[in-house]
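These are my notebook entries on one protein. I set down what I looked up, entry by entry.

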Amino acid sequence: MTMITHINLENSETEVYCCLRNRIIRLDDQHKHQFCAGCKMFRGEAGGRGVECRWDDPRNLPDPYVVTSPQDEWQSNQERKIQLHGMIDTTSQRTEETKAG
Ligand code: SF4
């Protein structure tokens with residue numbers, strides 16, 4: 001388990017990547033009240049410049065990790081998920097091969 005604090009700085013359109021929703025969101029009052037307020041990953045408001053979210057991240061990152069591009073961060077997290085799915089697929093394939101003898 002690698003707990004990393006992600007300091008998500010808002011872009012010019014006040015957007016950040018939200019791990020909970022796995023999407024780029026507008027960091028407005030509605031999102032803050034509806035999602036961040038009850039989110040276990042919430043660690044602060046990045047000095048009023050965004051949101052800090054702490055979660056288990058297997059990528060090789062510094063802690064804290066500053067995110068300036070929500071688009072790049074979203075993309076990077078989709079690639080990570082594909083890799084994880086690939087591992088799951090490989091594991092199930094091995095299981096099937098083992099069953100087949
Ligand atoms: S604190 Fe939770 S809900 Fe708010 S942006 Fe971070 S991951 Fe999303």
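This is a predicted model: local features need pLDDT of at least 70, side-chain atom pairs count only at pLDDT 80 or more; totals for chains, interfaces and linings use all residues.

**Entry 1**

As a reminder to myself, strands of a sheet pair through backbone hydrogen bonds, in either the parallel or the antiparallel sense.

**Entry 2: the whole chain**

I looked up the secondary structure and found two helices and six strands. Along the sequence, the pattern reads β-β-β-α-β-β-β-α. The protein has 101 residues, and 15% of them count as buried. I also looked up contacts between residues at least 6 apart in sequence; 61% of these join residues at least 24 apart.

**Entry 3: strand 5 and its partners**

How many bridges join strand 1 and strand 5? I found seven bridges between strand 1 (residues 3-9) and strand 5 (residues 50-56), which pair in the antiparallel sense. In this pairing, isoleucine 7 stands opposite glutamate 52 of strand 5.

I turned next to strand 4 (residues 42-44), which pairs with strand 5 in the antiparallel sense over two bridges. Glycine 44 stands opposite glutamate 52, and phenylalanine 42 stands opposite cysteine 53. Strand 4 and strand 5 form a hairpin, with five residues between them. In the turn, alanine 46 has a positive phi of about 50 degrees.

**Entry 4: the nonpolar core**

Which residues make up the largest nonpolar core? I listed nine: Ile7, Val16, Tyr17, Cys18, Leu27, Ala46, Val51, Cys53 and Val67. Strand 2 (15-18) and strand 5 each supply at least two residues of this core. The largest share, three residues, comes from strand 2.

I then followed valine 16, a member of this core. Leaving aside neighbours within four places in sequence, I found valine 16 in contact with Asn8, Glu10, Ile25, Leu27, Gly50, Val51 and Pro70.

**Entry 5: the ligand**

Which residues surround the ligand? I recorded Cys18, Cys19, Leu20, Phe35, Cys36, Cys39, Met41, Phe42, Val51 and Cys53. By class, this shell has 10 nonpolar residues, no polar residues and no charged residues. Comparing entries, I saw that Cys18, Val51 and Cys53 are listed in the ligand shell and are also listed in the core.

**Entry 6: valine 66**

Why does valine 66 count as partly exposed? I found 14 C-beta neighbours inside 10 Å of valine 66; a buried residue needs 20 or more and an exposed one has 12 or fewer, so valine 66 falls in between. Valine 66 is found in strand 6. Apart from neighbours within four places in sequence, valine 66 is in contact with Ile7 and Leu9. Lastly, I looked up valine 66 and glutamate 52, which are 14 residues apart along the chain. Their C-alpha atoms are separated by 9.2 Å.

Definitions and conventions: Residues are numbered from 1 along each chain as its sequence is written. Helices (H or I, at least four residues) and strands (E, at least two) are DSSP runs, numbered from the N terminus. Two residues are in contact if their C-beta atoms, placed from the backbone, lie within 7 Å. Two strands pair if DSSP finds at least two bridges between them. A residue is near a molecule or strand if its C-beta atom, placed from the backbone, lies within 6 Å of it. Ala, Val, Leu, Ile, Met, Phe, Trp, Tyr, Cys and Pro count as nonpolar, Asp, Glu, Lys and Arg as charged, and the others, Gly among them, as polar. A nonpolar core is a set of buried Ala, Val, Leu, Ile, Met, Phe, Trp, Tyr and Cys residues joined through C-beta atoms within 7 Å.
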